[in-house]
Amino acid sequence: MARHLAVGDSSGPLAIASASYYNPTGVLLAPGETYEIAADDSRWVDWHLASSADGRIEPSLIQSMAHWALRCKEGRWFQLIGAVGRSDACMFPIGMHAAWTYTGQSGDADPELCLFANDAWFAYLNNHGSVKVTIKRVG
């Protein structure tokens, strides 16, 4: 069941599946709340290319040619990405660790934080593996 975290509370570790378009975290967001989101050093796989939550520093030739289809253009291929709700309207790169403040970008009341592996919007069927993520409210 989705819930708000109090300052100092954590959720996880959560398995974030690379084949899922959105992985709901169970964390509800309110404007002004700050979170630390941290991934372990597990590896997930895009077809046969393994990477950590930091994603691929050097994209493959095919990935370079398909950059137009990458869901979060600010992120790297297969980088851990956050989304406000189940929408690509408000996404942000995370990688292995990030601090992030929700400023109310979605306009929805109490949206849920979702996470995913950054891939082409049409290419999630060849992904496998997961990374473990912990979310801590720090402010």
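Student: Does W68 count as buried or exposed, and at what relative accessibility?
Tutor: This is a predicted model. W68 lies in the loop between α1 (61–65) and β6 (80–84). Exposed means over 50% relative accessible area. W68 passes that cut-off, so W68 counts as exposed, at 57%.

Student: Which residues make the nonpolar surface patch of about 500 Å²?
Tutor: W68 is one of them.

Student: Which strands stand at the edges of the open sheet of four strands?
Tutor: The order is β2-β9-β6-β7, with antiparallel pairing. Each edge strand has a single partner strand, so one side of each is left without a neighbour in the sheet. The twist averages 30° from one strand to the next. The edge strands are β2 (23–28) and β7 (91–93).

Student: What is the bridge partner of L80 in β9?
Tutor: β9 covers residues 112–117. Five bridges join β6 to β9, and the two run antiparallel. The partner of L80 is A117.

Student: How many disulfides does the count come to?
Tutor: C114 counts as buried, at 1% relative accessibility. Its closest cysteine sulfur, in C90, is 11 Å away, so it is too far for a bond. The count of disulfides comes to zero.

Definitions and conventions:
Residues are numbered from 1 along each chain as its sequence is written. This is a predicted model: local features need pLDDT of at least 70, side-chain atom pairs count only at pLDDT 80 or more; totals for chains, interfaces and linings use all residues. Side-chain values use heavy atoms; hydrogens and water are left out. Patches are made of residues with over 30% relative accessible area and no salt bridge: like charges are joined within 9 Å, nonpolar side chains (Val, Leu, Ile, Met, Phe, Trp, Tyr) within 5 Å. Accessible areas come from the Shrake-Rupley method with a 1.4 Å probe; for residues, only the protein chains shown count as cover. A salt bridge is a side-chain nitrogen of Lys or Arg within 4 Å of a carboxyl oxygen of Asp or Glu. Buried means under 20% relative accessible area, exposed over 50%, partly exposed in between (1.4 Å probe, protein chains only). Two strands pair if DSSP finds at least two bridges between them. Axes are lines fitted to C-alpha atoms, for helices over the stretch in contact, and angles run from 0 to 180 degrees between N-to-C directions. A disulfide is a pair of cysteine sulfur atoms within 2.5 Å.
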